Amino acid sequence: MHEWSLAEGIIATISDECSRLSVDSVSDVDLSVGELAQIELPVLREALRSLKKGTVMSGCRIHISQEKTAFRCRKCGRNWSFSDSRKELEPLGDGGDNAVHYIPSSINAFISCPSCGSPDFDISSGFGLRISRFKPGGRRI
Amino acid sequence: MTEGTDPRDGLIRRRLEDTGSVVIFSSGKGGVGKSTIAACSAYLMAGSRSVGILDMDIHGPSIPALFGARGTGFRESRDGLIPARVENIPLMSIDMFAGGRGLPVRGAGKVEALKDMLAITNFGPIDMLVVDMPPGTGDEFLTALEMFGDRCSVLFVTQPSALSWNVTRRAVEIALEMKSDIAGVIQNMGKRSGRISSDCSRMHVPSLGAVGYHSSVGDRTVRELRGSAFMRELKKVLENASLL
């Protein structure tokens with residue numbers, strides 16, 4: 001379900017930017033989706049396809065790239081990936097996955113460094129969803 | 001090409017279009033009863049308008065406990081997360097995600113979590129959003145002022161002691177420097193201090209009055225505090241601030 005809100009946010013944010021730039025259409029949008037947010041890409045694509053009708057994005061091409069999530073421990077310096085820690089979320093059932101899906105930075109409440117056990121780590125890549133860039137189309141006259 | 005845009009920004013702006021005004025309950029020091037004041041104020045305000053409450057305290061969320069609502073959550077929908085209603089007030093807190101665990105997250109992570117909460121929560125059309133802050137003027141306070149902008153006013157809670165007020169006064173000064181609207185200062189857990197009133201007068205900030213110390217407040221929930229002397233005194237203070 002979160003994917004529909006994200007799609008709404010993408011369209012709202014780009015619409016606001018287009019107003020600011022005095023342009024009335026967008027030809028290309030590049031999205032970067034971090035693994036941590038566990039976004040279902042088919043659902044996001046469907047939501048964008050449905051919600052962009054009648055907006056500045058109606059005729060645009062949407063390119064989505066996925067970014068692997070990596071962590072770095074602030075205590076011992078260990079680098080590791082989200083997939084290495086997935087098993088720590090499993091005993092929590094949907095609760096852990098849902099929390100991280102909606103609030104990716106809540107991951108610090110659920111996993112810890114595989115080497116030293118510290119929960120004090122940074123998310124060094126693959127965080128949430130970002131509009132990497134978009135290409136404005138026609139300029140308003 | 002336009003680069004590096006956060007899709008939550010537009011969503012937060014759209015969500016706030018459905019929110020009449022925002023009152024941020026803040027303080028300089030912790031332990032001054034700010035969350036209890038915020039929760040009970042939301043309850044009192046909800047008597048005459050639609051009110052939501054947002055707990056922006058990432059490290060010490062207490063709004064769910066104050067409403068006797070620990071373990072309650074939200075309903076997922078295509079339009080965002082619909083918060084559970086307690087006392088007819090929709091409430092949202094990081095505690096609903098962390099499930100009672102502590103969240104050892106630093107500055108940037110806190111800002112991300114707060115923006116996520118604001119973006120995904122659909123309070124629906126409400127007249128007023130009450131926001132409970134952690135003490136101080138750090139990431140949470142600055143993020144709230146940035147996100148809510150002209151829509152918000154700040155209500156500071158302090159104990160009448162010099163120790164508490166000296167820190168809160170600095171927070172008031174920072175809010176003034178940031179051109180924030182200040183609803184006023186509430187003194188909690190003691191008799192009204194003349195010094196605080198005169199400092200407020202000098203800063204052109206409303207001194208809204210005092211709520212005395214009531215040992216019975218303790219761990220009571222908002223529901224259990226209904227009709228208490230504490231609630232009656234708070235009601236008078238909020239009436240002074242034209243918030244009721």
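## Contacts of Phe67(B)

Two residues are in contact when heavy atoms of each lie within 4.5 Å. In this predicted model, Phe67(B) is in contact with Ala39(B), Ile53(B), Val86(B), Glu87(B), Ile89(B), Leu91(B) and Val222(B), leaving aside its neighbours within four places in sequence.

## Nonpolar cores

Phe67(B) also belongs to the largest nonpolar core, which has 98 residues; together with Ile24(B), Leu54(B), Phe97(B) and Phe148(B), Phe67(B) is one of those that touch the most other members. Helix α2 of chain B (residues 34–45) gives the largest share of this core, seven residues. Another core, of 25 residues, lies apart from it and includes Trp4(A), Cys18(A), Ala47(A) and Leu129(A).

## The interface between chains A and B

Chain B places 36 residues in contact with 36 residues of chain A. The area buried between the two chains is about 3200 Å², with carbon and sulfur atoms giving 60% of it. Between chain B and chain A there are 13 residue pairs in polar contact, both residues being at pLDDT 80 or more. On chain B, the elements that each supply at least two residues of the side touching chain A are β1 (2–5), α1 (7–16), β4 (74–77), β5 (80–83), α4 (95–98) and α5 (107–120). The largest share, eight residues, comes from α1(B). By type, the residues on this side of chain B comprise 14 nonpolar, eight polar and 14 charged.

Four salt bridges are counted between chain B and chain A. In one of them, Asp120(A) pairs with Arg106(B), the closest N and O atoms being 2.6 Å apart. Asp16(A) forms a salt bridge with Arg13(B), with a closest N to O distance of 2.7 Å. Asp16(A) lies in helix α1 of chain A (residues 2–21) and Arg13(B) in helix α1 of chain B, so this pair joins two chains. Arg13(B) is partly exposed, at 40% relative accessibility.

## Salt bridges within the chains

Over all chains, the structure holds 24 salt bridges. In chain A, Arg49(A) pairs with Glu46(A), the closest N and O atoms being 3.1 Å apart. These two residues are separated by about one helical turn because they are three residues apart in helix α2 (residues 41–51) of chain A. Arg49(A) is partly exposed at 48% relative accessibility, as is Glu46(A) at 36%.

In chain B, Glu239(B) forms a salt bridge with Lys235(B), with 3.3 Å between the closest N and O atoms. Both residues lie in helix α10 (residues 229–240) of chain B, four residues apart, about one turn of the helix. Glu239(B) is partly exposed, with a relative accessible area of 40%, and Lys235(B) is partly exposed at 38%. Elsewhere, Arg130(A), Asp6(B), Arg8(B), Asp9(B), Glu112(B), Lys115(B) and Asp116(B) are joined into one network by salt bridges that share partners.

Technical notes. Residues numbered from 1 in each chain as written. Chains lettered and ligands numbered in written order. Predicted model: local features only at pLDDT ≥ 70, side-chain atom pairs only at ≥ 80, totals over all residues. Heavy atoms only, no water. Buried area = accessible area lost by both parts, 1.4 Å probe. Salt bridge = Lys/Arg side-chain N within 4 Å of Asp/Glu carboxyl O. Polar contact = N/O pair within 3.5 Å; in protein donor to acceptor, adjacent residues only side chain to side chain. Nonpolar A, V, L, I, M, F, W, Y, C, P; charged D, E, K, R; others polar. Core = buried A, V, L, I, M, F, W, Y, C linked by side-chain atoms within 4.5 Å. Buried < 20%, exposed > 50% of the residue type's maximum accessible area, 1.4 Å probe, protein only.
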